Amino acid sequence: MTDAAARTLSPETVLAQMKQNGVTDVVWLPDSETNWLYLLMKADPALRLIGVTREGHACSIAAGLAAGGCSPLILIQNTGLMESGDSLRGWLLGLNVPVVLMVGYRGWTRHGVNQDSAATYTERFLNAFNLTYYLVESDADADRISIAFQEATRTKQPVVVLVGDEYHGFNR
Amino acid sequence: MMHTAELLKLFRPYRQNAIVVPGRGGRHWVHLTDRPSLDVPLGDPAMGGHAGFALGLALARPEKKVILFDSEGDLLMSLGILATIAEQAPTNLYHFLLDNECYATTGGQPVPNATNTAYDAMARAAGYPHAAAFTELADVEHHLPGLLALPGPVFVAFKVLPEVENAPIGRRTRWQTRTRDQVLADLRAELDA
């Protein structure tokens, strides 16, 4: 891996993490960073893509998939995560669903000064729901995705992976 | 308009080994079921999600019919789920809507445009291959076997009488006989058997 590659998060890396962790279904709503990942996922016959029109729907769908024995992943943006509060509470936390939510961290900046209130409230939201989360900014952080899956399985609770890679590698 | 309990009785002979997500019809279904381990009475984890949950189950278990008793207040909170279900097109999903035209558990206030919304037309327009609506029990009795024989997703709206509750939530009698954890554990055990 080159230094430049290590500084970005590639969609291939994310897909490899999904496969490594046995994901059967991706319940998702596109955000500004996921189109390249979408193309990869779509080309993979072993993955079922379930598009939703509101992120909260992803919570109940994932709960049903998990109840039936599948291993879903939720792929949404932080704005939609915040919209999903009650569904997250009732369908994921309330039903003890071991699911990873990969959440695009819109507005994320390493220095903490941002122009986007979506970023301002993201971690506050996660803390309010007492959700464990890991920040992934580049391929070098990819092992945290597997850690999130392991933690979700161990705790039987949703765990969040924040994708802090807006406007570069994840979107090529 | 039909009594929900009378309506759900009609399903009993046709249930066979289907998974039933009884939604807000659960209080009646719990007295009618002969396969409780295949029932998923979750009460109300979060309003607006029953159809999504049933979709997930149907996709995960294509070998089993999944029968959902949804409600119009629930569906109105998440109408986009109709497009998602239509796109996924699970042939084993039977989406039945109990439309009492009101928020019965909060005192009976009408849902928006309570008497003039055609939910079957919405489902059909979203892409469900089969959708229907009934107001009379006799018509349901006549058509139900045929509807359950169709490949899903099938959507049927039923006009039912409201059963309004006004008591504070803490004073209401719980109809659930199992915890949610137990419901899901029983289902998994049954499905894995």
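What share of the contacts in chain B with a separation of 6 or more is between residues 24 or more positions apart? I looked this up and got 75%; two residues are in contact if their C-beta atoms, placed from the backbone, lie within 7 Å.

I noted that this is a predicted model, in which local features need pLDDT of at least 70, side-chain atom pairs count only at pLDDT 80 or more, and totals for chains, interfaces and linings use all residues. Residues are numbered from 1 along each chain as its sequence is written, and chains are lettered from A and ligands numbered from 1 in the order in which they are written.

Confidence came next. Chain B has a mean pLDDT (the predictor's confidence in each residue, from 0 to 100) of 95. For the complex I read an ipTM of 0.96 and a pTM of 0.95.

I then listed the secondary structure of chain B: eight helices and seven strands, taken as DSSP runs (helices H or I, at least four residues; strands E, at least two) and numbered from the N terminus. Of the 193 residues in chain B, 42% are buried, that is, 20 or more other C-beta atoms, placed from the backbone, lie within 10 Å of their own.

Last, I turned to chain A. Six strands make an open, parallel sheet in the order β2-β1-β3-β4-β6-β5; strands pair if DSSP finds at least two bridges between them. In chain A, β2 (48-51) and β5 (133-136) are at the edges with a single partner strand each, so one side of each has no neighbour in the sheet. I followed β4 (residues 100-104) to β6 (residues 159-163) in chain A and found five bridges, with Val100(A) partnered by Val159(A).

Conventions:
Buried ≥ 20, exposed ≤ 12 C-beta atoms within 10 Å, placed from the backbone.
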